[in-house]
Amino acid sequence: MHHAVLVGAALMAGSTASWADEGGFLSDLWGRATFNATVRSDTSYKTTGIDNYDNQSAAPFQHIAVPRQAYLPPNLLGDLAGGIVGTVVDKWTVPIPNSLGIVHTSDTVRRDTYIPKANTTFNYQELRFGGEMNVSFTDAWRLNIQARASYDPDIYKSFDAGDVANIQGGIADGGGDRYADLGEPNYFEARGREGRKINPTEFAGRQYMIDFPTAILEYKRDAYNVRIGLQQIAWGQAIFFQTFDIPDGLDLRRHLILDRAIEEFSDKRVPALAIRGAIQATDEILVDSYVQKFQPSIIPNPNTPYNVAPAQFYKPLDNYYSGGYDTKLSYGIRLKADYGNWGYSAMAASRMNPLGVFSWAESGINKGLTGTNPDGTRWGNSLGTLVETVYGLKAKAGGPLCPNYNPSACRMYDSLGEALAHTPFTVGPGGVYSNKEWFSAAGSLRLDGLKALNTAIEEYPALRDVYASEVDNVQQASNLLNTFFLASDGSIRGNVQRDYYRESVFGLGGSYVIGTENPESFWDQFIINAEVQYTPSRRFTDVGLAHGGYESDEYIVTLVGEKWYRWTQAFPAAYLAFEFQHRSASDLVGLSLKGYGGNSGNYKVNDPVGLQGNDYSGIRTPKGISSADYLAFAGFQPWPNRKYIFEWAVLYDVRGGLLAQPLLKWNPGHNFSVDLFYNYVNGHLYGTPTNNLIRAIDFANEANVRFSYQF
């Protein structure tokens with residue numbers, strides 16, 4: 001910037017050597033340019049002893065001993081008996097006894113035997129620089145560019161995949177940037193299945209990110225306004241809620257949704273290349289439309305402070321490029337009209353849903369039950385060796401149980417490792433270690449652990465080839481799972497993928513400004529807004545992770561009351577906002593309500609007994625809920641000299657969850673400001689914790705401080 005000032009000064013001096021500025025164009029252009037920048041530090045200090053239970057070191061059963069017992073797979077005895085066709089043992093009911101220590105078929109497992117402890121003090125630390133340049137070429141044309149650079153100094157005691165490199169052969173990579181470079185957590189990089197950046201206009205590494213929230217050329221004259229370039233499109237202004245605000249996905253890498261709520265997602269929307277045009281058709285009617293390159297929402301990476309998916313699973317393989325979604329366009333139109341105290345709005349859009357649909361994915365990782373550690377030692381227990389041996393006898397390569405004249409009696413692949421490469425499961429540390437952890441992780445993801453297991457077996461024949469078979473109930477599923485975990489000599493990791501689907505979204509809205517004869521009345525100039533969104537055949541993630549998800553019509557109703565109210569003449573008016581939202585098929589972040597009600601991902605807080613016994617009585621699969629309802633109350637009250645501003649934002653899930661955020665903003669002057677706020681999160685006020693949204697983030701009780709300097 002300093003260099004630019006010197007250049008500008010030289011141009012304005014009218015140097016005779018500068019033939020390019022003989023007419024004073026550049027000097028005049030410099031006079032039409034403005035610059036501003038902000039330097040910021042955000043820090044979140046954890047005020048409870050609970051770490052994020054979606055990360056390795058705080059995962060469910062990290063410090064709890066869980067018994068495991070192996071059972072005879074229904075088809076394994078057929079192989080042992082010389083290729084007998086058919087099921088010999090029915091539905092995982094016969095336990096395999098330990099054979100004088102020769103075959104290891106039962107044990108008690110604790111995750112912390114394999115996964116080191118990590119107790120973080122801070123949830124979040126980020127340093128940021130933001131700059132903006134605005135150049136007015138003419139009264140009608142302008143260029144606006146906003147740049148943002150973020151850096152995370154990595155002050156947390158986070159899980160490092162290198163710490164488990166000598167256990168079960170370590171965490172296999174398998175390509176696709178699936179486990180944050182197989183080392184420390186990756187705070188910013190977001191890549192697709194092939195390793196390409198999901199957002200091509202950002203530059204990111206493990207600890208830094210540079211992006212451009214806005215880079216537009218704008219034309220504005222009379223009733224017309226056209227913006228071309230990289231931009232964020234905000235069609236809604238509700239706090240916490242999005243009803244009309246559908247053009248952009250959300251970037252959840254930076255503090256999830258736990259920043260200042262009153263900023264209304266302004267720091268979360270994913271910028272995208274777009275053409276946006278608006279016309280003031282009449283004094284009362286505004287028409288606004290856009291055509292936009294599709295950019296998906298971005299979720300945090302595994303083992304980062306606000307990760308929302310259990311780290312026992314690999315980072316989802318994003319099919320943004322491999323599925324051709326990077327060439328898709330979203331487009332929409334909105335109309336707004338104001339007639340006196342009444343306002344009306346309508347919108348229609350065709351878009352790729354930015355959240356996407358998650359499903360099981362083929363791992364592509366050839367890794368069997370026995371192998372070699374990086375230090376040369378062997379891993380793999382006797383049960384795993386037995387299974388590998390039996391499989392090998394009937395492998396395609398031939399053998400006593402695989403005669404050349406009867407290829408139908410052979411296995412599908414040359415080795416068990418090759419077979420597993422064609423399933424969603426990979427042997428390795430830091431995965432799921434027991435049946436109880438499986439069901440709690442599924443509940444954390446709002447999935448049905450029983451259906452998810454059967455779906456994987458149904459959709460991936462290679463699992464049946466390695467002796468898995470469909471189950472009827474939780475007990476059978478538990479027996480199958482523990483058999484596989486024991487055979488792996490530790491844990492098994494899951495692989496999922498994300499695809500995107502087009503949907504048509506329609507909305508209607510209305511507003512009314514109440515007028516009373518008494519200007520001192522609280523209700524005078526009180527604004528009531530109502531918005532309804534309807535989406536036919538919206539695609540959701542299936543609770544069993546089936547490919548393609550499932551379709552369901554959805555409607556969303558939002559009511560908002562707004563008021564500027566002056567409590568006393570000694571203080572400026574306060575802003576008050578009262579909100580309600582009803583959703584028929586998904587929660588506030590777009591996940592299906594069918595996955596609600598399973599086991600909790602945080603047994604310490606939400607499920608102190610359920611999954612710690614030796615039987616199956618504590619395991620529950622989700623029953624789903626019929627709808628989701630949320631209340632919000634937010635606002636701010638400035639001090640008389642505006643040196644202080646008190647803000648608040650409260651989100652209440654009527655099924656028993658609460659997020660409360662009181663905030664004090666201090667403006668000491670000289671372009672410096674300090675924000676002090678606290679996030680109080682409680683997802684277990686009453687009822688079943690997994691029936692409310694807040695339960696997923698109730699580890700995040702934290703004190704926050706933001707320092708900002710603008711120049």
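The exercises below concern a predicted model, and each is followed by a worked solution.

**Exercise 1.** Determine how helix α6 and helix α9 are oriented to each other, and which residues meet.

Solution. 
- Step 1. Locate the helices: α6 covers residues 435–444 and α9 covers residues 474–487.
- Step 2. Take the geometry of the axes, which come within 8 Å and cross at roughly 115 degrees.
- Step 3. Angles of 65 to 115 degrees count as roughly perpendicular, and α6 and α9 are therefore roughly perpendicular to each other.
- Step 4. List the contact: on the α6 side stand N435, W438 and F439, and on the α9 side V474, A477, S478, L481, N482 and F485.
- Step 5. Sort the residues of this contact of α6 with α9: six are nonpolar, three are polar and none is charged.

**Exercise 2.** Classify the ring pair of F294 and Y320, and decide whether each residue is buried or exposed.

Solution. 
- Step 1. Begin with the whole structure, where a search finds 37 aromatic pairs.
- Step 2. For F294 and Y320 the ring centres are 6.0 Å apart and the planes stand at 55 degrees, so the pair is tilted.
- Step 3. Buried means under 20% relative accessible area. F294 has 2%, so F294 is buried; Y320 has 0%, so Y320 is buried.

**Exercise 3.** Classify the ring pair of F571 and W639, and state the accessibility of each residue.

Solution. 
- Step 1. The centres of these rings lie 6.0 Å apart and the planes are at 70 degrees; planes over 60 degrees apart count as edge-to-face, so this pair is edge-to-face.
- Step 2. F571 belongs to the loop between β22 and β23, and W639 to the loop between β24 and β25. The pair links distant parts of the chain, 68 residues apart.
- Step 3. F571 has a relative accessibility of 28% and counts as partly exposed. W639, at 32%, is partly exposed.

**Exercise 4.** Which residues do ring pairs link into a cluster, and which charged residues lie over the rings of Y413 and Y314?

Solution. 
- Step 1. The cluster consists of F522, W523, F526, Y565, W567, F578, F633, F646 and W648.
- Step 2. Over the ring of Y413 sits the charged end of K396, 5.9 Å from the ring centre.
- Step 3. Over the face of Y314 lies R493, 4.9 Å from the ring centre.

Terms used: Residues numbered from 1 in each chain as written. Predicted model: local features only at pLDDT ≥ 70, side-chain atom pairs only at ≥ 80, totals over all residues. Heavy atoms only, no water. Axes fitted to C-alpha atoms, helices over the stretch in contact; angles between N-to-C directions. Helix = DSSP H or I, 4+ residues; strand = E, 2+ residues; numbered from the N terminus. Parallel < 35°, antiparallel > 145°, perpendicular 65-115°, else oblique. Contact = heavy atoms within 4.5 Å. Nonpolar A, V, L, I, M, F, W, Y, C, P; charged D, E, K, R; others polar. Phe/Tyr/Trp six-rings, centres within 6.5 Å; stacked < 30°, edge-to-face > 60°. Buried < 20%, exposed > 50% of the residue type's maximum accessible area, 1.4 Å probe, protein only. Lys NZ or Arg CZ within 6 Å of the ring centre and 35° of its normal.
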